[in-house]
Amino acid sequence: MFAVKPFSAIALASLVLATACTTASETPKTRDGAVIGGLIGGLAGAIAGNDPEERRRNAAVGAIVGAGVGGVIGSQLDKQEAALRQDLGNDNVTIVNTGDRLIVTLPQDILFATDSTTVRADLQSDLRALAGNLNEYPNTTVQVIGHTDSDGSAAYNQDLSQRRAQAVSSVLIGNGVSPSRIQAFGRGEDQPVATNLTAEGKAQNRRVEIVILPNAA
């Protein structure tokens with residue numbers, strides 16, 4: 001009996017979302033946000049309740065509410081992404097919109113000199129533009145995450161990635177972003193996006209990711 005509940009909730013949430021997304025959403029990422037929110041809301045609603053009928057009602061309500069919230073978040077991210085692309089204008093910076101967050105990736109090689117934790121002066125303008133965008137969309141949490149390749153010891157890479165994440169965070173804070181919104185993390189060599197066996201792969205792994213997460217409320 002327990003194994004059927006999650007499947008039923010997902011099916012019910014999906015039916016509700018199919019209608020909500022075609023009537024309320026205008027862009028693919030807005031629809032993605034509605035889908036994500038609806039599924040989460042539907043599953044959360046299905047968990048609550050003392051009997052199958054109550055769980056079905058809760059799942060339907062949760063899916064509708066979640067889809068609405070997710071659609072609003074997706075729409076905000078669409079607008080913020082478009083503004084960021086216009087403001088940055090740097091082909092080395094990539095922006096990915098997943099529907100529930102923006103991920104801005106800056107290669108460490110363009111941010112820092114080798115073994116340095118001082119942000120290059122010519123890259124300060126990109127971070128100032130990013131800070132301006134974050135200030136225009138204040139209802140977000142910002143995670144600054146440093147990554148390295150596998151050269152050197154794991155302990156050294158962890159420390160370097162943390163200090164570089166903090167350096168980028170300091171530039172954002174210095175340009176008006178509230179410190180309470182920013183979380184700085186170092187991931188060292190633990191989360192590569194490419195092989196560490198080639199120079200090209202290592203260059204991709206040396207990066208700082210700025211993850212922009214809209215707050216639900």
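Me: Why is Glu-81 called buried?

Reply: Glu-81 has 15% relative accessibility. Buried means under 20% relative accessible area, exposed means over 50%, and partly exposed lies in between (1.4 Å probe, protein chains only). So Glu-81 counts as buried. A word on the basis: this is a predicted model, where local features need pLDDT of at least 70, side-chain atom pairs count only at pLDDT 80 or more, and totals for chains, interfaces and linings use all residues. Residues are numbered from 1 along each chain as its sequence is written, and side-chain values use heavy atoms, with hydrogens and water left out.

Me: What makes Glu-81 and Arg-85 a salt bridge?

Reply: Their closest N and O atoms are 3.0 Å apart. A salt bridge needs a side-chain nitrogen of Lys or Arg within 4 Å of a carboxyl oxygen of Asp or Glu. The pair therefore qualifies. Side chains of opposite charge can pair when their charged atoms come close.

Me: Why are Glu-81 and Arg-85 about one helical turn apart?

Reply: Because they are four residues apart in helix α3. Helices (H or I, at least four residues) and strands (E, at least two) are DSSP runs, numbered from the N terminus. Arg-85 has a relative accessible area of 44%, so it is partly exposed.

Me: How many salt bridges does a search of the whole structure find?

Reply: Eight. Among them is Asp-159 with Arg-163, whose closest N and O atoms are 2.8 Å apart. Those two are four residues apart in helix α6, so about one helical turn separates them. Asp-159, at 38%, counts as partly exposed. Arg-163, at 32%, is partly exposed too. Elsewhere, salt bridges with shared partners link Asp-109, Asp-149 and Arg-206 into one network.

Me: How do you know that Arg-101 and Asp-100 form a salt bridge?

Reply: Their side chains meet at 3.5 Å, N to O. Arg-101 has a relative accessible area of 30%, so it is partly exposed. Asp-100, at 26%, is also partly exposed.

Me: What does Pro-214 touch, beyond four places in sequence?

Reply: Contact means heavy atoms within 4.5 Å. Pro-214 meets Ile-73, Gln-76, Leu-77, Asp-100, Arg-101, Asn-139 and Thr-140. Pro-214 lies in strand β5. Its relative accessibility is 13%, so it counts as buried. Tyr-137 is 77 residues away from Pro-214 in sequence, yet the C-alpha atoms are 8.8 Å apart.

Me: Is Thr-148 buried or exposed?

Reply: Buried, because its relative accessibility is 4%. Thr-148 lies in the loop between β3 (140–147) and α6 (154–174). Its contacts beyond four places in sequence include Gln-108, Asn-157, Gly-188, Glu-189 and Arg-206.

Me: What makes the approach of Thr-148 to Glu-189 a polar contact?

Reply: The Thr-148 side chain reaches the backbone nitrogen of Glu-189 at 3.4 Å. A polar contact is a pair of N or O atoms within 3.5 Å; within protein, one must be able to donate a hydrogen and the other to accept it, and residues adjacent in sequence count only if both atoms are side-chain atoms.

Me: Which residues touch the most other members of the largest nonpolar core?

Reply: Leu-111, Val-119, Leu-127, Val-144, Val-168 and Ile-210, out of 31 residues. At least two core residues each come from α3 (52–88), β2 (102–107), α4 (108–111), α5 (124–136), β3, α6 and β5 (207–214). Such a core is a set of buried Ala, Val, Leu, Ile, Met, Phe, Trp, Tyr and Cys residues joined through side-chain atoms within 4.5 Å. Ile-210 touches residues including Leu-127, Val-144 and Val-168.
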